[in-house]
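The sequence and the structure are shown first.

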Amino acid sequence: MIAKIKISKSERIILIFLIILGVFTFTSLIILKNKCLFVKNYNPNDIKFDNPENIVILNVECGNVIIELYPNISPNAVKRLKKLIKLGAYDNAAFHRVIEGKLIQAGDLEFGKRENLDYGKVGSGKSGLGIIKSELDEKFEYDRGTVGLARTFELDTEDSQFFIILQDEPLFEGEYTPVGKVRYGLEVLETIKFVPKFHIVPRPDFINSFKMLN
Amino acid sequence: MILFRAILFFFIFITPLKANIIYNLIKIPNLEVYNVDAKNGLRYLYAIKPFRLGLNVEKNINCFNPGKKILDKQYKIIKKNLDRYSLNFLKKINLRYIVLCENLSITEINTAGIPNNKTRTLILDIKFNQNHFERAIHHELFHIINDNYKELFNENIWKNLNKRNFGYSKCSTCSENWNLELLNNQSGFFTEYAKSTASEDMAEVFSHLMFYKNKVYSNDPIIEKKILFIKKNILKIDNTFKF
């Protein structure tokens with residue numbers, strides 16, 4: 001006959017401790033480590049668009065960001081953006097400037113590509129296509145998800161860099177050229193790496209691809 | 001090498017003020033939005049901490065964050081005065097941002113305002129001489145107009161309006177007399193301060209025109225000519241402008 005051995009009090013405490021440790025390890029290594037776990041990834045093929053010729057797909061680590069471009073508002077800026085997208089110029093470009101909860105910026109094709117990222121110069125690079133004139137619209141509302149063309153301190157210096165705002169920014173109205181708005185996947189952009197107090201992100205996230213829908 | 005890189009990273013990238021959206025627009029740190037809904041498109045910002053500025057390495061412009069009570073009170077006065085300028089006129093003179101702070105100084109000399117037409121900004125000291133505060137707002141705004149239309153407000157033509165034996169100081173702060181009280185001695189100037197430079201003189205004429213509206217009256221023939229000069233050229237910028 002086998003006698004039933006009761007777990008002592010100290011063994012019970014150790015067992016509970018091990019369970020808690022296991023849960024903590026699982027949470028921190030699997031759930032918290034995976035920043036994309038709860039982010040919805042939109043498949044553009046599942047969505048019907050009225051104007052597919054103006055839909056572009058920005059693909060990053062956590063999924064797709066679907067953007068509608070506004071050629072009626074900023075024809076030259078949209079033309080420039082489409083040209084660079086069709087050339088595949090934005091693929092592997094860094095999100096070099098990210099302000100937590102406010103703005104992400106990418107598109108430095110000279111100093112911000114994965115293969116030649118230059119921390120000293122990123123943000124000042126050009127596309128090689130030349131600068132274009134600002135197309136400002138006082139009435140255009142810069143609300144969350146708006147995509148605009150970045151520029152230097154001076155107007156009429158837009159080139160390839162673009163930004164997407166993560167909160168409403170009325171100060172941007174009439175200041176920057178709007179090119180479109182994020183229709184789906186804004187939450188994907190909230191996973192882009194930022195470092196508090198750093199105005200250029202060290203070891204930044206990159207654009208996987210930036211393509212036209214059609 | 002790794003340590004060197006880490007140190008380099010630290011110094012290159014840790015510049016918190018540059019991560020600020022307002023700083024990126026007008027290159028002034030420590031500001032917050034006060035009001036961006038003005039009908040004429042002006043955006044009012046205020047200092048939340050003291051700031052120092054300067055075009056050169058030497059940062060010679062200083063201003064401090066105002067208290068909430070005085071800020072609210074002075075903002076109403078400033079807005080009332082600036083609301084007289086239309087969106088169209090402000091676009092033409094390239095003014096968009098009004099920065100409100102207190103105890104504004106340049107090279108340790110207190111000043112009512114500092115215009116910067118490149119950043120389309122006018123910094124205003126909300127605690128400046130309260131007797132002349134409202135008029136000073138228009139005075140400082142004129143400097144923005146002047147900076148954008150130098151050819152219209154030609155200083156040589158202006159200087160010829162004065163008496164032959166008169167000469168301005170070399171700069172606006174070179175004179176010892178900065179009195180802003182109205183003169184009444186047929187000297188050709190509204191105030192003692194107007195005698196400092198041609199541009200300050202023009203700003204004084206403009207501010208008197210704006211502040212006293214049509215009540216500004218002078219039987220001084222030089223001032224009469226100066227008023228005509230200012231009115232004529234302002235109307236060249238915007239023929240709908242109302243003094």
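Of the 214 residues in chain A, 40% are buried, a residue being buried if 20 or more other C-beta atoms, placed from the backbone, lie within 10 Å of its own, exposed if 12 or fewer do, and partly exposed in between. The model is predicted: local features need pLDDT of at least 70 and side-chain atom pairs count only at pLDDT 80 or more, while totals for chains, interfaces and linings use all residues. Residues are numbered from 1 along each chain as its sequence is written, and chains are lettered from A and ligands numbered from 1 in the order in which they are written.

**Chain A**

Chain A contains 3 helices and 8 strands, which follow one another from the N terminus as α-β-β-α-β-β-β-β-β-α-β. Helices (H or I, at least four residues) and strands (E, at least two) are DSSP runs, numbered from the N terminus. Contacts are pairs of residues whose C-beta atoms, placed from the backbone, lie within 7 Å. Among the contacts of chain A between residues at least 6 apart in sequence, 67% join residues at least 24 apart. The overall dimensions are tabulated below.

| Property of chain A | Value |
|---|---|
| Radius of gyration of chain A | 23 Å |
| Box filled by the C-alpha atoms of chain A along the principal axes | roughly 90 × 45 × 35 Å |

The radius of gyration is taken over C-alpha atoms, and the globule rule is 2.2 Å times the number of residues to the power 0.38.

**Domains of chain B**

Chain B is divided into domain 1 (14-147) and domain 2 (149-243), with bounds from an automatic or database domain assignment. The C-alpha centres of these two domains of chain B lie 23 Å apart. Across the boundary, 15 residues of domain 1 of chain B are in contact with 17 residues of domain 2 of chain B. On the domain 1 side, the elements giving two or more residues are α4 (87-93) and α5 (133-148) of chain B. The most comes from α5(B), with 8 residues.

**Residue B:T111**

B:T111 lies in the loop between β6 (109-110) and β7 (113-116) of chain B. B:T111 counts as buried because it has 20 C-beta neighbours inside 10 Å. Leaving aside residues up to four places away in sequence, B:T111 touches B:L104, B:S105, B:I106 and B:D125. The C-alpha atoms of B:T111 and B:A136, 25 residues apart along the chain, are separated by 9.8 Å.

Notes:
Contact = placed C-beta atoms within 7 Å.
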